[in-house]
Amino acid sequence: MQLLLWQGVFLAALLSVLWNASAHAATDIADEPNTDKPILALDTGGHTSAVYKVLVSDYKNQLISVGLDKTIRIWDLTTGEPLRVLRPPIGPGTHGYLFSAALSPDDKLLAVGTYRALTPLYDHRIHLIDLDKSQIIRSLKGHVYTIYDLAFSPDGERLASASHDGTVRIWDVNTGRTLQILKGHTEPVHGVAWKPDGKQVVSGSLDKTARIWNVDTGAATVVIHDHTDHINSVGWSPDGRTIATSSEDKSIRLYEPSGKFRYAWRNLPNQVESLKFSPDSKRLLYTYGSNTLPPIGAMTLDMEKGPQLVKYNAHENSPICCTFTPDGKLAVTGDSISRIRVWDSTTGATQLKLDGRGTPMFSAGWSADGQAIAWGTRHGHETNDKGGPLERTFCLKNLDFGPPPDQTFVRPRAQIGSLRMGYDKGETPINMHKVIFVREGRKVASFTLPQPYDDVRCYTLFPDGRAVIGSYSGAYLFDVNTGLVQREMSERGEELWGLAPSPNSKYVLTAGNDQVMRVWNLDEGEMVVALFVAGDEWIAWTSQGFYAASLAGESLMGWHINRGPESLADFYPAAQFHKSLYRPDIIRRLIETGDLTRAVELANQERNEQSKVIRVADVLPAEVKITEPTATRVEQTESKFTIRAAAEPTNNQPLTAMQLLIDGRPVGPPRQVAPPATGQPAGKVEQEWTVELPPGTFDVAVKAEAAHNYALSQPVEVTRPRSEGDALPKLFVLSIGDGPDGKSAAAVSKSLAAAAPGVFGEVVTHVLQGDEATPAAVDAELEKIRGRATLADTTVIYYAGRETLDTAGHYRLSAARGGDPDPAGVWLSDKRLKSELGAIQGRTLLALDTVRAERRRERDANSGFCGSSAHETGSDKLDTAAADFLREMLSTEYGITVLRASRRASSAMAQGQSQSGTSAFAQAFGEAIGGKADQDKDGLIHLQEISRYVNQRVQELTKGKQMPVIERPRGMRSFPLGKPPASVGEPAPSGK
């Protein structure tokens with residue numbers, strides 16, 4: 001019996017789009033229970049799985065995208081800034097996948113087609129969402145399987161939908177009533193498009209036919225049989241003269257409105273997955289890829305003369321959807337691993353990269369002592385029983401990144417003793433749905449995935465005769481001796497590309513396309529801990545809700561709470577549970593104990609607390625809503641603005657305070673709420689605020705606090721237009737640095753002042769150097785800023801010097817570098833700094849460019865791969881204290897933007913200077929604000945652009961020794977910090 005442990009087709013699949021596989025897997029999967037319980041979800045600033053539809057709103061110059069991560073994301077198409085996330089109802093596994101979307105002609109109504117969630121079997125709905133109110137206003141019921149394509153009629157009164165159930169439906173948008181059911185296709189329908197006069201639609205199906213329908217009579221007037229494989233997409237040109245169809249037969253065919261064949265592009269690079277006409281009907285954009293072989297990419301075609309015009313090949317995986325901007329200048333493509341690219345449709349140059357902060361993972365491994373897990377983000381050219389190369393490690397007992405992985409790491413095992421597993425090489429073609437088990441040349445067992453369109457991605461054997469098989473929809477634990485599946489292991493129906501057994505064979509580590517690593521207990525079939533990594537930020541969690549995180553890690557994850565089958569869900573970031581669920585002491589004990597209850601017991605013993613497992617469902621925040629204004633976007637001409645809000649307690653948790661937030665920052669002190677009378681339930685709380693708004697655009701939200709958590713309302717975007725004669729906002733800059741840091745402080749202040757004209761009016765700078773850089777002087781300058789700053793203004797504090805802990809273990813700063821390690825009167829405490837910065841109105845940025853006297857300990861190899869964690873060094877404690885301080889700065893209690901020269905401050909011995917004599921961070925910041933960060937060439941330097949430039953530039957200048965941290969509070973958008981001279985030197989190091 002021959003097994004195939006490697007096959008080229010597998011590696012090719014790593015480069016492919018799984019259009020049909022994903023679609024069919026979602027619709028053929030067995031019925032699963034739906035839930036209204038808290039569901040853990042990532043929030044990385046971008047998609048975490050395949051992007052299935054991209055749409056452009058001309059009204060707001062925004063991009064809308066939907067995908068298999070079950071989210072609707074709205075982006076600023078000018079800056080690439082993520083603006084909003086809408087979350088339809090979801091369930092476990094595939095429930096809630098978003099395959100289709102359409103935007104009404106007036107850009108105010110969004111239709112999305114989902115794989116059913118919170119609805120009965122065979123009830124797959126289309127949600128109509130009012131974008132201004134962020135509400136589902138109607139759900140269209142009728143399709144019994146997944147909806148693959150949607151299209152509004154030109155007048156916006158009707159909606160066409162194409163479904164896996166083989167039908168096209170025409171809906172009345174205003175009533176939700178089905179007007180026509182267009183029947184005739186014999187297989188799933190993947191595409192539908194309207195003729196510009198609204199009298200006909202064209203559809204394309206996996207039955208290899210396209211049909212032209214009269215929408216009034218429901219009759220198919222033309223059936224086109226020319227394609228030799230599945231039709232994936234159809235289009236009707238804006239001028240009404242041309243129908244286009246694309247197919248897996250690697251062709252695009254053009255037809256007259258009558259159905260008469262006109263022209264074909266044959267032998268295209270690969271299967272055509274999507275197409276879109278340009279607004280002037282002169283070009284056709286298409287994407288191509290395959291579930292077996294490369295190449296992948298996108299291309300524009302000349303509709304008048306026929307040649308291929310521009311090729312775009314910057315996607316790392318197959319692009320599966322596309323569109324043009326309304327002016328036709330830009331093309332937008334989304335791919336099967338979450339990436340969106342905006343590019344010049346005439347040159348192919350990338351303009352924007354709309355990515356989240358994570359990366360799909362293709363391999364997994366364990367350190368030989370079980371202390372650390374490892375992963376890789378490249379598929380490489382290794383056998384599929386191992387996956388790609390390992391790149392990074394994370395120490396589960398230390399909760400920190402470890403050294404690079406070495407050759408001792410445990411990888412998947414396709415053979416243990418005489419037992420081997422793999423694909424059956426005797427089958428032609430290779431059956432990717434099946435693995436076989438062979439002992440001494442004889443097949444002893446086989447496993448076939450239960451879903452016919454699923455594929456085996458990875459696998460490993462265990463010494464006790466069990467195996468774990470990873471697939472498109474999770475992992476299966478298989479007993480070779482009995483030939484039975486013991487259990488399925490999946491949190492969200494994740495697509496797996498890598499797995500590895502733990503050295504003690506108690507756990508299996510999985511990694512895949514959703515960018516999360518998960519450790520599973522084989523005997524219980526439960527997830528022990530999950531880890532998401534974005535650069536040097538991370539968050540680890542349990543399914544019950546306990547978590548640990550790096551400085552900015554809390555912003556990367558949260559809980560999705562369904563509010564019914566026809567309402568958008570709520571989302572609570574992990575930070576809102578910090579008081580009750582942030583428990584690093586529990587997380588680091590999980591692998592050792594293998595049991596959450598025992599980990600909680602041990603951690604609470606150390607704290608001298610009663611042992612109790614808290615679950616997210618028990619500590620859900622209140623429901624808080626802004627009741628006035630009622631719209632999510634408001635234009636305000638008067639300076640006085642009134643906000644009213646109401647908060648309803650959850651699980652009888654009394655509210656303790658209400659707070660108004662503007663751009664993520666608190667406005668005024670929190671308003672305390674009296675506790676309910678003894679024996680009375682917690683009641684509803686209502687509050688009203690009136691504030692003076694300067695000209696500008698602001699995000700207004702309301703916070704409701706309880707003992708274990710806090711809740712945030714959905715924000716309201718309030719714009720007060722600037723009138724002639726209105727003063728520009730003020731910029732305040734306070735730079736602090738002594739000795740060698742004085743030059744850096746002066747350089748930062750000078751660069752900000754030079755770039756300010758055009759963005760800011762009055763610019764107030766002050767540099768404290770030498771003997772002036774005392775805490776008392778800092779206090780005095782901050783008090784001056786506090787007395788003058790308004791909501792419209794921006795304050796930047798740059799602090800260069802030393803950081804350390806006081807005798808009580810609290811974080812503190814000093815501008816003094818040398819001499820006495822603890823000189824009196826030079827240290828600024830964290831408490832003092834929080835109080836002073838918290839009192840300043842407007843946007844406030846704190847930049848720390850610090851060093852430390854403490855040196856980081858070297859790893860003790862005798863204590864295992866990660867070293868000993870029994871006793872923290874002073875440097876470790878300082879890392880923890882600094883992260884806690886900066887995390888608090890980012891929180892809704894302060895709302896301060898944090899810039900740190902490096903994730904960990906360097907020791908004084910390791911810190912160097914750039915050639916300019918300033919720190920690497922100061923040099924990079926000066927270059928950025930001076931113009932090199934202007935990636936979109938709009939003449940403004942936004943904070944988001946500074947973040948991207950400085951992050952890369954500091955790593956270049958320090959040869960990777962420093963990785964900056966630049967984080968904004970939740971609720972604060974990117975904003976311009978400067979307008980440099982028109983002539984700029986070298987271009988920015990990377991595109992958006």
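Are α11 and α12 parallel or oblique to each other? In this predicted model, helix α11 (residues 920–932) packs against helix α12 (residues 943–957) at an angle of about 140°, and their axes sit 9 Å apart. Angles over 145 degrees would count as roughly antiparallel, so this pair comes out as oblique. The crossing of α11 and α12 is right-handed. On the α11 side, the residues that take part are A920, F921, Q923, A924, F925, E927, A928, I929 and K932, and they meet I946, Y949, V950, R953, V954 and L957 in α12. Sorted by class, that contact holds eleven nonpolar residues, one polar residue and three charged ones.

Helix α8 (residues 775–788) and helix α9 (residues 830–838) pack at about 15°, with 10 Å between their axes. With angles under 35 degrees counting as roughly parallel, α8 and α9 are therefore roughly parallel to each other. Here the crossing is left-handed. P775, A776, D779 and L782 in α8 meet R832, L833, E836 and L837 in α9. Five of the residues in this contact are nonpolar and three are charged, with no polar ones.

In soluble globular proteins, nonpolar side chains tend to be buried together. The largest core in this model has 66 residues, and W366, W541, Y547 and W559 are the ones that touch the most other members. Strand β46 (residues 526–534) supplies the largest share of this core, with eight residues. Another core, of 35 residues, lies apart from it and includes I785, I797, L878 and Y894.

Terms used:
Residues are numbered from 1 along each chain as its sequence is written. This is a predicted model: local features need pLDDT of at least 70, side-chain atom pairs count only at pLDDT 80 or more; totals for chains, interfaces and linings use all residues. Side-chain values use heavy atoms; hydrogens and water are left out. Axes are lines fitted to C-alpha atoms, for helices over the stretch in contact, and angles run from 0 to 180 degrees between N-to-C directions. Helices (H or I, at least four residues) and strands (E, at least two) are DSSP runs, numbered from the N terminus. Angles under 35 degrees count as roughly parallel, over 145 as roughly antiparallel, 65 to 115 as roughly perpendicular and the rest as oblique. A crossing is left-handed if the near helix is turned anticlockwise from the far one by less than a right angle, and right-handed if clockwise. Contact means heavy atoms within 4.5 Å. Ala, Val, Leu, Ile, Met, Phe, Trp, Tyr, Cys and Pro count as nonpolar, Asp, Glu, Lys and Arg as charged, and the others, Gly among them, as polar. A nonpolar core is a set of buried Ala, Val, Leu, Ile, Met, Phe, Trp, Tyr and Cys residues joined through side-chain atoms within 4.5 Å. Buried means under 20% relative accessible area, exposed over 50%, partly exposed in between (1.4 Å probe, protein chains only).
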